[in-house]
Amino acid sequence: MALVSLALGVPAIAVAENSLPQSVGTVRLQQDTSAAEIEMLDIGLAIFDAGIPADKSTHSKLGIFPEIRKSEAQFMAVILRQTLIDSAAWGVVRVLPQADSSAELLISGKIVHSDGLSLVLQISARDATGRQWLDRRYSDETWESDYPVAPGADPFIDLYRQVANDLLAFRRQLSAAELRQVRQVAELRYAGSLSPEAFGGYLQRSEEGRYSVLRLPAQGDPMMQRVTTIRNQEFLFIDTVDEQYASLYEQMSPTYNLWRQYGREQAIYRKEYQQRVANRDSRGRKGSFVAMQQTYDAYKWSKIHEQDLDELALGFNNEVTPTTLEVSGKVFRLNGTLDTQYSEWRTILRQIFTLETGLPPQ
Amino acid sequence: MLLLACVCLVLSACGSSKTVPQVSSSNPVDLAGSWEMDYGQSDNIQTKLDTLVRELRRDAERRARSSGSMNQAPGAGIVVGSSGANSGASIIGLAQMSELITRSPLLRIKQDEERISVKREETFALSCEFHSGEFHTVETPFGTETCGWNAHQLVFRILLPEGLSIQHVMTLGPEGERLNIATTVVSDQVSYPFTLNRVYNRFVPGSSGFRCTQTLTRGRVCTTETAD
């Protein structure tokens, strides 16, 4: 890489390839169709961190199209959700607009690199007790045969399968008692988020941030029943949102897959160009019109290609539709981004809980 | 790095601006609009080429005189078809490159507070983001592009591999109806830069009866326009 930089007189491509982890290769999704009820934890899958640097001036250098990245952050979470569902090893898998620490198993992700040729994601998973299941950087590369992308397929599906397999492998190490405790802690952490006064004493948090159950509410505790009702209302919202995410995925797939195909071609063209320059594969003598035109045309086509991608990025309007939900006989219409709607909905639910229980709000 | 510095030095000494571009905090000039080339007002490439050849010949003669070879024929430093620096092929190649780079007859410029995009017919757009008035640099394996305002002039510098560099300096006329683009091409095989001034006149695009947009799935799609 250093040699190429010197030969060109310009810095090398922004993403140093040696910083990328090894590709996951071809991965077969492991399924667990015989999982016991206690093993089938519910998963909360937060929308990925788009990995867009705050410094706008770096975006073009890093090949980041912010609008596309924001869409990818949702798109990729939906693919991982579908992969986890396909593994038949889990309970309900929900894509969340924000991370919810009271999820039985919370998965977070960050897009490190994405250009159609390679995808790098940082994935972490932590259960409600605070146990870290996963914190790993995954990488996958596409082949020419991955494009055009067949309907329902994804060129980086091996990466998602690897994540699903790793999660399943970790879960298999846990005993039924440990899994049961995850569920109990998740429920009590949610209850504690509604009313720390009423539920704060059920859990203990260690210095390392791990939660354990001190005592459990009585069977049929009316307060816990209200908590369950409120939580179901929250799930209702998330399920509605998930439909929007799935719809976005459906709408976005054809165009996005073409965009990735072009992105791959451009990435390969860049690599080959660097190789050609390193090998001094020039058609004309240095300084001749033919040689200068060759240099200029390489730049010109890279710009035309980049500007085509830029125009496409403008079409990725991440429009959100208002969500209408009903609770306690009242209809609520939520506006703004899904993230904002989610916060608004949670606030409404907490107000309802406070009104119903007479407990002081959090 | 030394090469880049040299090229920058040469570039800053040519074109329509004689000063080294500095960061300017003044309000940028509004270049937005549609522009068409005025061939009558623009530089004639043959005249510019003749001027460059004369300068190089004078240089060669000066060098010859100072080295004591007084009996050398005028213009002996330039032999068309020979190789090496300041060869005829390199000089003509430089002029051809300048013509190639500046041949866009129509420009469409979009500008707001954060960026400008100069769409040029038949080639790529020159675009620039304004970050706190600083010159903005984008580096790719194909070349390095620096742009920004130098007082009332918009400057684009493109440093390409193989010792080739290009500078465009855009200057709006006093009435705002004329735009001059001074394009300077520098090759490390020719000791003088080659500058071509292209003059553009503002025009209001009339309805062509159709409108085209670039799409991903169907390529360039054109639809007929109906009169409102």
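# Notebook: strands, helices and cores in chains A and B

I began with a turn in chain B: β8(B) and β9(B) form a hairpin with five residues between the strands, and B:G176 there takes a positive phi near 80 degrees. I note at the outset that the model is predicted.

**Entry 1. The strands around β8(B).**
I followed β9 (residues 178-187) of chain B back along its partner and found that nine bridges join it to β8(B), the two running antiparallel. I looked up B:L164 and found its bridge partner in β9(B) to be B:S187.

I then turned to the other neighbour. Strand β7 (residues 153-160) of chain B also pairs with β8(B) in the antiparallel sense, over seven bridges. I recorded B:L164 of β8(B) as the bridge partner of B:L160. β7(B) and β8(B) form a hairpin as well, with three residues between them. In that turn I read a positive phi of about 65 degrees for B:E162.

**Entry 2. Burial of β8(B).**
I asked how many residues of strand β8 (residues 164-172) of chain B are buried. I found nine of the nine to be so, and I therefore describe the strand as largely enclosed by the rest of the structure.

**Entry 3. Two helices of chain B.**
I counted three helices and twelve strands in chain B. I examined helix α2 (residues 45-66) and helix α3 (residues 88-101) of this chain, which pack at an angle of about 150 degrees with their axes 11 Å apart. Angles over 145 degrees count as roughly antiparallel, and α2(B) and α3(B) are therefore roughly antiparallel to each other. I recorded the crossing of α2(B) past α3(B) as right-handed. On the α2(B) side I listed B:I45, B:L49, B:L52, B:V53 and B:L56 as making the contact; on the α3(B) side I listed B:I91, B:A95 and B:E99.

**Entry 4. The sheet of chain A.**
I moved to chain A and traced an open sheet of five strands in the order β2-β1-β3-β4-β5, with mixed pairing. I identified β2 (93-96) and β5 (132-141) of chain A as the edge strands, each of which pairs on one side only. I noted a twist that averages 20 degrees from one strand to the next.

I looked up A:R126 and found its bridge partner in β5(A) to be A:Q132. I also followed helix α3 (residues 66-86) of chain A, which lies across β1 (43-46), β2, β3 (105-114) and β4 of that chain. This helix runs at about 130 degrees to β3(A).

**Entry 5. The nonpolar cores.**
I asked which members of the largest nonpolar core, of 79 residues, touch the most other members. I found these to be A:F48, A:L84, A:W90, A:I107, A:L121, A:W133 and A:L167. Helix α7 (residues 222-278) of chain A gives the most to this core, with 13 residues.

Residues up to four places away in sequence aside, A:L84 touches A:I43, A:L45, A:A89, A:W90, A:V93, A:I107, A:A164 and A:L167. I noted another core lying apart, of 46 residues, among them B:I91, B:I158, B:V185 and B:Y200.

Note on methods: Residues are numbered from 1 along each chain as its sequence is written. Chains are lettered from A and ligands numbered from 1 in the order in which they are written. This is a predicted model: local features need pLDDT of at least 70, side-chain atom pairs count only at pLDDT 80 or more; totals for chains, interfaces and linings use all residues. Side-chain values use heavy atoms; hydrogens and water are left out. Two strands pair if DSSP finds at least two bridges between them. Helices (H or I, at least four residues) and strands (E, at least two) are DSSP runs, numbered from the N terminus. Axes are lines fitted to C-alpha atoms, for helices over the stretch in contact, and angles run from 0 to 180 degrees between N-to-C directions. Contact means heavy atoms within 4.5 Å. A nonpolar core is a set of buried Ala, Val, Leu, Ile, Met, Phe, Trp, Tyr and Cys residues joined through side-chain atoms within 4.5 Å. Buried means under 20% relative accessible area, exposed over 50%, partly exposed in between (1.4 Å probe, protein chains only). Angles under 35 degrees count as roughly parallel, over 145 as roughly antiparallel, 65 to 115 as roughly perpendicular and the rest as oblique. A crossing is left-handed if the near helix is turned anticlockwise from the far one by less than a right angle, and right-handed if clockwise.
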